[in-house]
Amino acid sequence: MGSVAQSIDTIWVLICTILVLLMQAGFACLETGLVRAKNSINVAIKNVLDFCVAGMGFWLVGFGLMFGASVSGFFGASDFAFQGAAGGLGDNAWIMVFFFFQLAFCSTSTTIVSGAVAERMSFRGYVITAAILSMMIYPVFGHWAWGGILDGEAAGWLERRGFVDFAGSTVVHSIGGWIALAAILVLGPRIGRFGHNGKRIEPHDMPMATLGMFLLWIGWFGFNGGSTLALNSSVPYILVHTMLAAAAGGIAVTTVSWLRKGLPEVQAALNGILAGLVAITANCHIVTTSNAVLIGAGGGLVCYVASELLARLEIDDAVDAVPVHLAAGVWGTLAVALFGETSLFPGGHTRLEQLGVQALGVAAAGVFAFGTAYIVLLIVDRFLPLRVSSDAERTGLNIAEHGASSALLDVLGAMEGQAARGDFSKPLHVEPFTEAGEMARRYNLVLDKFNSEVRIRERTANELRDARDAAELANASKSQFLANMSHELRTPLNAIIGFSEVMNGELFGPVENERYKEYVGDIHKSSSHLLSLINDILDLSKIEADRYELYEEELDVLDVVASCERMMRHRSDEAGVNLTVKVEDDLPLLMGDKRALRQILLNLVSNAVKFTPKGGNIGLAAFMEPDGRMAFRVSDTGIGMAKKDIPIALEPFRQIGKDSNIYTTEGTGLGLPLTRALARLHGATLVIESEPGEGTTITIRMPHARILELPQRIAS
């Protein structure tokens, strides 16, 4: 009967071992899905090689250090590279089963590190890390906590104190987590993860990661269920507790992330499930079902908080291995004392005493695993750099470390190359019957549309450029024509004006007929107006051709305004309008062109006289504004204009309309455009405020740079 029971136990542990080995596939899927595509092959092969290294290392050294004859409870000293009998003969079949099961545990602890250091640790550096973990750190601490399992008598110093870690929340998961933390601190964060413009690096294949989580979940039933080392009545309870703790961890984290960020985070949910599994691993055999749910939920929440803390401290864990395995492992180990049945504590400890023992085990694991790993990795890094170069990291470790690529990576690389060169003229190669090929085909359709639009825009730009050149040539020709014609007309007009002045002054004798004298006056007046018009045309054409030169000097504004008043007083009196001039006392000097400034004021006052009915009022003022700028203002009570007509009034040779009772035949449409152009040459602004039937106010504001010191006037 005993032989049958032993056979059943052997079969059960072998089945559970296969389930635990399935977790290697789970880790491979989870970690490759959570990293970027350019590093997925590298992560996958690391998961393969660390299993190989752990297997060989655990057989050569690890198993002996962990379960060999104890040396003062600190390490084993026998059974290194033990031999099995040829042909399976002998009575050590159970030892083989036990070794196989423990080897699976060792490989699980080892592979935890690969995810945390993903995307920047060299393959050589990772193999060294895996060897250190599987051949030294894991088995030594394992001896402290589990050294007497095979013989059924406590051997390790923690084990003798009553430390409980049923299936390895600390021995397997926290040890792996501590070493992962040491490694990522030595390596530093990935490029682009933190610092200026740093951001979270998104996984490339969440469905693959989800599959990995499910494989781990299934494998965990062997992890916890097999730790009984027998198919007994506690197994169903252990499996149910394992299942419920995982579900509770997933629900807890999903709820929290949903409440905090407004949506359920996929990666957080996956990590919550795994953290629930890690947390229940130490205590699934001595807690009630409801407490198993609380422990699993607590593990998920502890993992979530730890993940946020690492991000805040700018510690880069590529797959959140440290929060899942270290943080949840610590919680699960302490939960033995917090939730376990006290009657099942070894050595008859009270709950508080057991909590002290559990805390001692957690602290010992941290000091030993983290301290040893950190020191050893720093030494190794000094002679054999553990981190790849920045170029290799940007290229991706698939290519940099293994020369491996994929159709998808080729497509992405070609896209990045086009973006870097700025050359989108050539389509990508399409690999038929693949998803990457379909992506390339769709991308080529976008390229075709893009290049078509570029050609259309280039053609339009060329047409616009030609039109602009033609317009500039025409404008230059117009300005040149106006300048030439103005020059040609000014000479005879000056002669006509001179002759009419001679005749009107009767220099060579009296003009007998008063009618002739009236005609001579009309000739003089018309010629003067025509000359003024020609001068305005010439000035405007020079400004448009950028050939108008300002002759700047220090101006006394009072003199300029007084000169304008003298020239316009007679005209305003003839028109029957009242002209009021006001200059603020002690105005500073103004740097400007005296002729241009006087022309500005004359044009504005002349327009005001022209469009103000008899009996109206016109004001000319010069003053300082509160912001320190000097301003000139011309206001009238004339006919005004609608807001929509103001832009028309500023166009050369345009007039809004003519009213024979108000407008004179002398309007040219050049006064305001020329005034604005001269103001702009001084860097001044022109503001028009007008209402039909109420009048117009025009303000010229000079820039601060043209304001000088106060003039030194001589007291009269």
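Me: Before we start, what is left out of the side-chain values, and what pLDDT do side-chain atom pairs need?
Reply: Residues are numbered from 1 along each chain as its sequence is written, and side-chain values use heavy atoms, with hydrogens and water left out. As the model is predicted, totals for chains, interfaces and linings use all residues, but local features need pLDDT of at least 70 and side-chain atom pairs count only at pLDDT 80 or more.

Me: At what angle do H8 and H9 cross?
Reply: Helices here are DSSP runs (H or I, at least four residues), numbered from the N terminus. Axes are lines fitted to C-alpha atoms over the stretch in contact, with angles from 0 to 180 degrees between N-to-C directions. The axes of H8 (residues 234-261) and H9 (residues 266-281) come within 7 Å, and they cross at roughly 145 degrees.

Me: How many charged residues sit in the contact of H8 with H9?
Reply: Contact means heavy atoms within 4.5 Å. H8 brings residues including His241, Gly249 and Val253, while H9 brings Gly272, Ile273 and Leu277 among them. Sorted by class (Asp, Glu, Lys and Arg are charged; Ala, Val, Leu, Ile, Met, Phe, Trp, Tyr, Cys and Pro nonpolar; the others, Gly among them, polar), the contact has 8 nonpolar, 7 polar and no charged residues.

Me: What is the volume of the largest cavity?
Reply: On a 1 Å grid over the protein atoms alone, a cavity is a set of points where a 1.4 Å probe fits but cannot get out; lining residues have an atom within 4 Å of a point. Phe27, Glu31, Asn271 and Asp320 are among the residues lining the largest cavity. Its volume is about 70 Å³.

Me: Which helix gives the largest share of the lining of the second largest pocket?
Reply: A pocket is an open set with protein on both sides within 12 Å along at least five of seven lines. The second largest pocket has 26 lining residues, with Arg193, Arg200, Ser307, Ala311 and Asp320 nearest its centre. The largest share, 8 residues, comes from H10.

Conventions. Helices (H or I, at least four residues) and strands (E, at least two) are DSSP runs, numbered from the N terminus. Grid points are joined across faces, edges and corners, and a volume is the space filled by probe spheres set on the points.
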